[in-house]
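Take a look at the model below.

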Amino acid sequence: MTMLVLGGSGQLALALSAAAEAAGIDCARLGRPEFDFDRPETVAALDSVPARLIVNAAAYTAVDAAEGDAAAAERANAAGPALLAAHCVRRGIPLVHISTDYVFDGSKGAPYIETDPTAPLGVYGATKLAGERAAMAAWPRTVILRTAWVYSATGRNFARTMLGAARKTDTLRVVADQRGCPTTAADLAAAIVAIAPRLSDGWEDGLAGIYHAAGGGETTWHGLAVALFEEAARHGLKMPTVTPIATSDWPTPVRRPADSRLDCGKLARVFGVALPHWRDSVAPVVDAWYAAA
């Protein structure tokens, strides 16, 4: 089978290429300038790839910037998935669309399941939710994977920010009252590759819908930072002082969910796939970051 991944050189798209190669799956990857949600006509470029499955890892992910550029966020996160779904209808192939824990407001007080009410707190979450709904309305063979706190050794993400900062200062302040499920791009990619053959070769209508796909366990941003530095110590990093702070001590344009933990039991029940515990996946990212530095 051939899997077409949209997202250019984004961290998940790159991880999907690596995971597909390891699994013996042909993977084509498209991004700007050949494919760009800001230029809807470029959807036609997808016809050149004889794919049996499309994975949409392209999105407008700048949470705070989206508040001032809602139109761009809407094009990428809402209108874009609708266009892709229509494309998949025409070709008769399944669509896997990546979404986010930010469709929730974090007030539940327990891990979210797929059927819990959504209540995004900002433009980013609202447009991602709109994209979920548009894709599923347009094409029954759509699988939505909501994930959380994605990071890797490439791209812009929390892990790279923390590791870079620790090289410059020995004191850091990190939010400790937001809870979630850190997810490495590699683990998420491995899960997608694991379910891809069933979607492309043995589609069943019961497979469609929303799934949560995030790292096992839970922590805070502070907890993740400490884990990153503990692993970086193996490479000679002097452990910085990491002071836990409240969200109110680090104001941002958009309020983040205080507790966006995801229950990923449905993914395990339907596909037999579970992502590793978040703590077990920190070391490979840190090692890769140092190898590339």
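Is R52 buried, partly exposed or exposed? R52 is partly exposed, with a relative accessible area of 40%. Keep in mind that this is a predicted model.

R52 has a charged partner. Its side chain meets that of D201 in a salt bridge, 2.7 Å from N to O. The pair links distant parts of the chain, 149 residues apart. D201 belongs to helix α5 (residues 185–201), while R52 sits in the loop between β2 (26–30) and β3 (53–56). D201 is partly exposed too, at 48% relative accessibility.

The model counts 17 salt bridges. Another of them joins D116 and K108, at 2.5 Å from N to O. Here D116 is buried, at 16%, and K108 is partly exposed, at 36%. R234 pairs with E231, their closest N and O atoms being 2.8 Å apart. E231 is buried, with 13% relative accessibility. Both belong to a network of salt bridges that links E230, E231, R234, R279 and D287.

Now the cysteines. The disulfide count is zero. C181 is buried, at 2%, whereas C27 is partly exposed, at 27%.

Last, T184. This residue lies in strand β9 (residues 183–184) and is buried, at 4% relative accessibility. A polar atom of its side chain lies 3.0 Å from the backbone nitrogen of D187. Beyond its neighbours within four places in sequence, T184 contacts Y151, S281 and V285.

Note on methods
Residues are numbered from 1 along each chain as its sequence is written. This is a predicted model: local features need pLDDT of at least 70, side-chain atom pairs count only at pLDDT 80 or more; totals for chains, interfaces and linings use all residues. Side-chain values use heavy atoms; hydrogens and water are left out. A disulfide is a pair of cysteine sulfur atoms within 2.5 Å. Buried means under 20% relative accessible area, exposed over 50%, partly exposed in between (1.4 Å probe, protein chains only). Helices (H or I, at least four residues) and strands (E, at least two) are DSSP runs, numbered from the N terminus. A polar contact is a pair of N or O atoms within 3.5 Å; within protein, one must be able to donate a hydrogen and the other to accept it, and residues adjacent in sequence count only if both atoms are side-chain atoms. Contact means heavy atoms within 4.5 Å. A salt bridge is a side-chain nitrogen of Lys or Arg within 4 Å of a carboxyl oxygen of Asp or Glu.
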